[in-house]
Amino acid sequence: MFEDLYQEIIMDHASRPRNKGRVETPDAVVHADNPLCGDELTLSIRKGEDGAIEDIKFEANACAICMASASMMTVKAKGRTVEEAKELSSEFVRMLTADEETQPERITGELKVLESVRRFPMRVKCATLGWHALEDSLIEASKEQ
Amino acid sequence: MLQAQHPMIGYRNDFPALNQRVAGHPLIYFDNAATTQKPEQVIEAISDYYRYDNANVHRGVHELSQRATQAYEGVRPKLLTFFDAGSDYSVIFTRGVTEGINLLAQTIGKQRCVEGDTILLTELEHHSNLVPWQMLAKETGARLDFIPVDENGVLLLDQLESQLSQGVKLVSLTHISNTLGTVNPVQEIIELAHKAGALVIVDGAQSCGHSPISLKEMNPDFYVFSGHKMMGPMGVGGVIGRTSLLESMPPWQGGGEMISRVEYHDFQANEVPQQFEAGTPNVEGVVGLGAALDYLESIGMDRIQEYESELTGYGYEALTQLSGLTLYGPNPDEVEERGATLSFTMPTIHAHDLVSMMDMKGVALRGGHHCNQPLMRKLGVPATVRASFAFYNTKDEMDSMISALKEVISFFRR
């Protein structure tokens, strides 16, 4: 019942979020919020010399869905190139917001669990908040250079 | 036996929407501060209006137009009786409280406030009784001041006289807090404000459907209410104001109905109340509101208040038994009156998750800032869960909410 939305992996990431905090010497720090429910999140990233995401961390005052999704996002985004991270993010957002169910190629493993949020339309914004922050931070970081 | 437990059980059956299951559980509707459910009588009145009487009001001579006009106009005196307003008050129909306050800000607000004047609000206000005044302040150069609240959300009135002496032209305050359930001593504040030469607007969104109101006793200059918070339909409400003040106010929106004579370059405004009701009004809404007033009167607002107060006290007590839970707003045992709204947080469960999980148990609660962002910031809370009641709710439902909350808490402890 509660597990329809709050699966074990989600609860695990929500209670022990990975990559929590703020990266040193960030290339971008972005703030995202959902004024409807009060979720707030700050994401910081640093790119390496090869242009890939070398470090990524977040701090949030948010619900379990937002927390877990952002935590999984940081795990998946770390080490990726900007292009890869952008593709991953847009595929994730499409998975939750497209009218028809999508067949995402890049959304694998733990991340696939969040597909259940589709059935709770009021919670989709919670699950996508961290990903929108990722997209914004990638734009922000490319401006810097 | 059930009858004895719940004196309102007969009335509860008048609300078809309450009789359904959500997520496999009987619906427990505890979001009444947002909007109440509607009884059969209101739903029937609206569909009968469209079935038999629909026509545009005021302009037509034909039978249907007369019937529609009578039905529409007949609700004004009904409202004056319901809110025990003396003969010196008039009713302006609006879409609800928000539109009513915007109307007042843009008419009497603009007329009375110039640069340096003060508009006095409280720290409890819903955004709808805050943002219209911020807009007016930006337009006119007037400043906003606030009656502060203590940590329980009770107004601190010891500085009120000194606050009122700072060039206050208007005081606008809520009767009952939509988040904390605080009942403000409006009568006392109105008396002091009048002594200081200020006009007073009372936001009645949370009192109109829950407390017996006597405007004669309260003596505000304007009382603003919403139909959908008192068993009536959405999109209708009004301003009940002192007729002499309404007559001195400039018109608001322009259009048909609000004029008595129009030329290419000028117009003459109609009389009060039509002056403030441009365009075809929400006749269906007003008719439904009339049915809601009849319905509430058939129960009695005293009985409703008494029952809801008992229910709220019962819920407050039960919630304090849950360890770790923090309740906001005044303790019902420590105040004379308490609105039927309970706000709380759990230390490890975000309000949004709690509300989602309670929905999976069929319990309709609300989580968030409740259109009260500055107040929440002051209390240092990101978001609360709010349970708000009406007379059709029961202690059994309260018990079910508590046991569902316990399940959520134990799920999060795993």
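In chain A, three strands make an open sheet in the order E1-E2-E3, with antiparallel pairing; strands pair if DSSP finds at least two bridges between them. The model is predicted: local features need pLDDT of at least 70, side-chain atom pairs count only at pLDDT 80 or more, and totals for chains, interfaces and linings use all residues. Residues are numbered from 1 along each chain as its sequence is written, while chains are lettered from A and ligands numbered from 1 in the order in which they are written. Helices (H or I, at least four residues) and strands (E, at least two) are DSSP runs, numbered from the N terminus.

The edges of the sheet are strand E1 (28-34) and strand E3 (53-61) of chain A, each of which pairs on one side only. From one strand to the next the twist averages 15 degrees. Axes here are lines fitted to C-alpha atoms, for helices over the stretch in contact, and angles run from 0 to 180 degrees between N-to-C directions. Strand E2 (residues 39-47) of chain A runs antiparallel to E3(A), and 8 bridges join the two. Within this part of the structure, Leu43(A) stands opposite Phe58(A) in E3(A). H2(A) packs on the sheet, where it touches E2 and E3 of chain A, and its direction makes about 175 degrees with that of E3(A). Contact between two residues means that their C-beta atoms, placed from the backbone, lie within 7 Å.

Helix H2 (residues 64-77) of chain A also packs with helix H1 (residues 8-15) of chain A, at an angle of about 85 degrees and with the axes 8 Å apart. H1(A) is therefore roughly perpendicular to H2(A); angles under 35 degrees count as roughly parallel, over 145 as roughly antiparallel, 65 to 115 as roughly perpendicular and the rest as oblique. On the H1(A) side the contact is made by Ile10(A), Met11(A), His13(A) and Ala14(A), and on the H2(A) side by Ala64(A), Ile65(A), Met67(A), Ala68(A), Ser71(A) and Met72(A). These residues comprise 8 nonpolar, 2 polar and no charged. Ala, Val, Leu, Ile, Met, Phe, Trp, Tyr, Cys and Pro count as nonpolar, Asp, Glu, Lys and Arg as charged, and the others, Gly among them, as polar.

Between the chains, 13 residues of chain A are in contact with 12 residues of chain B. The side of chain A that touches chain B has 10 nonpolar, 2 polar and 1 charged residues.

Chain B has 16 helices and 17 strands. Its radius of gyration is 22 Å, close to the 22 Å that the globule rule gives for 414 residues, so chain B is as compact as a globular protein of that length. The radius is taken over C-alpha atoms, and the rule is 2.2 Å times the number of residues to the power 0.38. Buried residues make up 49% of the 414 residues in chain B. A residue is buried if 20 or more other C-beta atoms, placed from the backbone, lie within 10 Å of its own, exposed if 12 or fewer, and partly exposed in between.

Most residues other than glycine have a negative phi, and most peptide bonds are trans. Met231(B), in the loop between strand E9 (222-226) and strand E10 (237-242) of chain B, has a positive phi near 75 degrees. Met231(B) is buried, with 28 other C-beta atoms within 10 Å. A cis peptide bond, with omega about 5 degrees, joins Val272(B) and Pro273(B).
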